[in-house]
Amino acid sequence: MKKIVAIIRPNKLNVVKDALDDIGCPGLTVTEVKGRGRQKGITEIYRGREYQIDLLPKIELMMIVADNDVEKVVDTIAHSARTGKIGDGKIFITPVEGVVRIRTSERGDDAR
């Protein structure tokens with residue numbers, strides 16, 4: 001199993017969520033986060049004064065998927081979240097040692 005964490009633009013959440021549903025990956029956790037990368041924020045002008053916003057609002061998606069579904073899920077997220085502009089986000093993939101469903105005590109793939 002792998003943990004996939006994707007940082008995406010907030011306006012892409014529904015598109016990504018629908019695309020994941022379409023490929024049979026309905027389970028995910030969504031968190032509103034702030035951050036920056038190469039984009040390094042944006043400069044805004046408010047009432048004639050310029051100021052820097054260096055932490056931009058983003059959405060973090062987290063899901064646990066079977067090893068053989070990783071590429072399909074990653075490709076789906078990347079395709080549906082892409083605008084082609086700086087700030088589209090990143091996807092991180094890490095191994096998962098185990099999963100336990102609290103309600104039933106199921107473990108491993110049965111607990112996903």
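Modeller: Let's start in the sheet: isoleucine 8 has isoleucine 59 in S5 as its bridge partner. Strands here are DSSP E runs of at least two residues and helices are H or I runs of at least four, numbered from the N terminus. Before you ask, this is a predicted model, where local features need pLDDT of at least 70, side-chain atom pairs count only at pLDDT 80 or more, and totals for chains, interfaces and linings use all residues. Residues are numbered from 1 along each chain as its sequence is written, and side-chain values use heavy atoms, with hydrogens and water left out.

Biologist: OK, so over how many bridges do S1 and S5 pair?

Modeller: Seven, in the antiparallel sense. Pairing of two strands requires at least two bridges from DSSP.

Biologist: What's the strand order in the sheet?

Modeller: S2-S5-S1-S6, an open sheet of four strands with antiparallel pairing. Strand S2 (29–35) and strand S6 (89–95) are at the edges with a single partner strand each, so one side of each has no neighbour in the sheet. On average, neighbouring strands are turned by 20° against each other, direction ignored. For angles, axes are lines fitted to C-alpha atoms (for helices, over the stretch in contact), and values run from 0 to 180 degrees between N-to-C directions.

Biologist: And which residue stands opposite alanine 6 in S6?

Modeller: Isoleucine 91. S1, residues 2–8, pairs with S6 over seven bridges, antiparallel.

Biologist: Switching to helices. Where does H1 lie?

Modeller: Helix H1 (residues 13–22) lies across S1, S2 and strand S5 (56–65), at about 10° to S5. Helix H2 (residues 70–81) packs on the sheet too, touching S1, S5 and S6, and its direction makes about 5° with that of S1. Touching, or contact, means heavy atoms within 4.5 Å.

Biologist: Which residues of H1 are buried?

Modeller: Leu13, Val16, Ala19 and Leu20. Down the helix axis they fall within an arc of 135°, so they line one face of H1; the arc is taken over directions from the helix axis to the C-beta atoms. Buried is under 20% relative accessible area, exposed is over 50%, and partly exposed is in between (1.4 Å probe, protein chains only). The buried residues of H1 pack against S1, S2, S5 and H2.

Biologist: How many residues are in the largest nonpolar core?

Modeller: It has 16, and those with the most contacts inside it are Ile4, Ile8, Leu61, Met63, Val73 and Ile77. H2 gives the largest share, five residues. A nonpolar core is a set of buried Ala, Val, Leu, Ile, Met, Phe, Trp, Tyr and Cys residues joined through side-chain atoms within 4.5 Å.

Biologist: Now aspartate 88: buried or exposed?

Modeller: Buried, at a relative accessible area of 15%. Aspartate 88 is in the loop between H2 and S6.

Biologist: What does its side chain make a polar contact with?

Modeller: The side chain of arginine 9, at 2.8 Å. A polar contact is a pair of N or O atoms within 3.5 Å; within protein, one must be able to donate a hydrogen and the other to accept it, and residues adjacent in sequence count only if both atoms are side-chain atoms.

Biologist: Last one, is glutamate 32 buried or exposed?

Modeller: Exposed, with a relative accessible area of 72%. Glutamate 32 lies in strand S2 and, leaving aside neighbours within four places in sequence, is in contact with Lys58 and Ile59.
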